[in-house]
Amino acid sequence: MDELVALCKRRGFIFQSNEVYGGLQGVYDFGPLGVELKNNLKNAWWESMVYENDDIEGLDSSILTNPLVLKYSGHESTFSDPMVDCKSCQKRFRADQVPPECKKEDLTEPRQFNLMFKTNVGPIDDGSSFAYLRPETAQQIFTNFKNVIDSTSKQIPFGIAQIGKAFRNEITPRNFIFRVREFEQMELEYFVEPGNDEQSLDEWVQKRLNWWKDQGVPIEKIELYNVPTDELAHYSKKTVDLMYMFPHGLEELEGIANRTDFDLASHSKKQDELNITSNVEKNKHSNSKMAVQDKKGDWIVPYVIEPSAGVERGILAVLNEAFVKEDLGVTLSKKVKNSLQKLGLGRVILENTGNIGKGYRRHDEIGTPMCITVDFESIEDSSVTIRDRDSMDQVRVKISELAEIYKNKIK
Ligand code: ATP
């Protein structure tokens, strides 16, 4: 991971955000190459979702979110993580992410910490006019359900796709861009008839695996994790996480959830007239009936299948797959140097400079009798180039012959 982070900075992929003022924890900036990579990944997702599927429409909704949306979605009451304080090191941790150095007896009892960011809206800051920064892009897809149906005449099954920023005040952001406080999500909400939900979820898992394969993340490196019932989010009937072996360990790259009719039903008016299967709070504020009518005229609240992927986690996976450490002959050149040095004929200098021609001229000037160049081919065929100072001739010889040639030249 450290080498990947260093490369990302050196080559302009990813920088620590606000770095000139000491940074801001849990946020990153994408540099000249990073923004291209990010756009490529997002465009690939958009094409595969929106352009290649006639039953999927796109959306770009607001980040600022009316608190009522996140009240009825359940986020105000449940979107929290258990947090503990360590009395010894004075730091705060997510209860399941306490470092081993902190002793159990130094930890406080876990208490719930809501992860949503609040901001003031409008010129009066008296606490009555706040909005949330959305913690997921999904909720504004649900609130636009009727708008999209009315403007596109879609019928179920159909989907709404969105890419955009999401914000979570993570207690312990870490592992580079894996867990951050500001990130982007690529989310599809796919609306199906109740009863067709289980099959649809299985289909989306396969489609998403294939998509990751096309992005250079092999299916063999992704493990499917069926989230156990006691760990499921309040809205979910079933969730399959695509787990990828990141540089720091096996963790969630994308989650594919069967959100049932929970979201549409939660945001709907006249809930009594609908055939709701999930357990929702009575909605006293909505002005939209989030349901469709079947052929008989009965109201149905569609079930929702949601593939939700993080752009940053995708970038980390793609970079990790592309990251290859190459030995450019340094190990071999060290071996060559050491073996000649042992012959006791004076100092042998190892240099790792870029321009070989300039290096030869510099050594001509200081009087070095011969130069030996180890290159890519050396690794394959155990040969090196010898360059003679006086004749300026270059010959290719086997490494096994080198000691003899060297001895003859220097003695
Ligand atoms: P985790 O369990 O790792 O906190 P989650 O289950 O809360 O993740 P979801 O709510 O399912 O995540 O969000 C969908 C996707 O959004 C995740 O699969 C992930 O790719 C991305 N994501 C969620 N939280 C973060 C974060 N803090 N930083 C970067 N990406 C994130």
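Trainee: Which element gives the most to the shell around the ligand?

Mentor: Strand E14, with four residues. Strands here are DSSP runs of at least two residues, helices (H or I) of at least four, numbered from the N terminus. This is a predicted model: local features need pLDDT of at least 70, side-chain atom pairs count only at pLDDT 80 or more, and totals for chains, interfaces and linings use all residues. Residues are numbered from 1 along each chain as its sequence is written, and side-chain values use heavy atoms, leaving out hydrogens and water.

Trainee: How many residues surround the ligand?

Mentor: 16, each with a heavy atom within 4 Å of the ligand. Glu170, Arg179, Val180, Glu252 and Gly310 are the closest.

Trainee: Where does the ligand sit?

Mentor: In the largest pocket. The volume of that pocket is about 1400 Å³. Of its 44 lining residues, Phe79, Arg94, Arg168, Asp241 and Glu252 are the closest to its centre.

Trainee: What about the classes in that lining?

Mentor: The lining of the largest pocket has 17 nonpolar, nine polar and 18 charged residues. Asp, Glu, Lys and Arg count as charged.

Definitions and conventions: On a 1 Å grid over the protein atoms alone, a cavity is a set of points where a 1.4 Å probe fits but cannot get out, and a pocket is an open set with protein on both sides within 12 Å along at least five of seven lines; lining residues have an atom within 4 Å of a point. A molecule sits in a cavity or pocket if more than half of its atoms lie within 2 Å of its grid points. Grid points are joined across faces, edges and corners, and a volume is the space filled by probe spheres set on the points.
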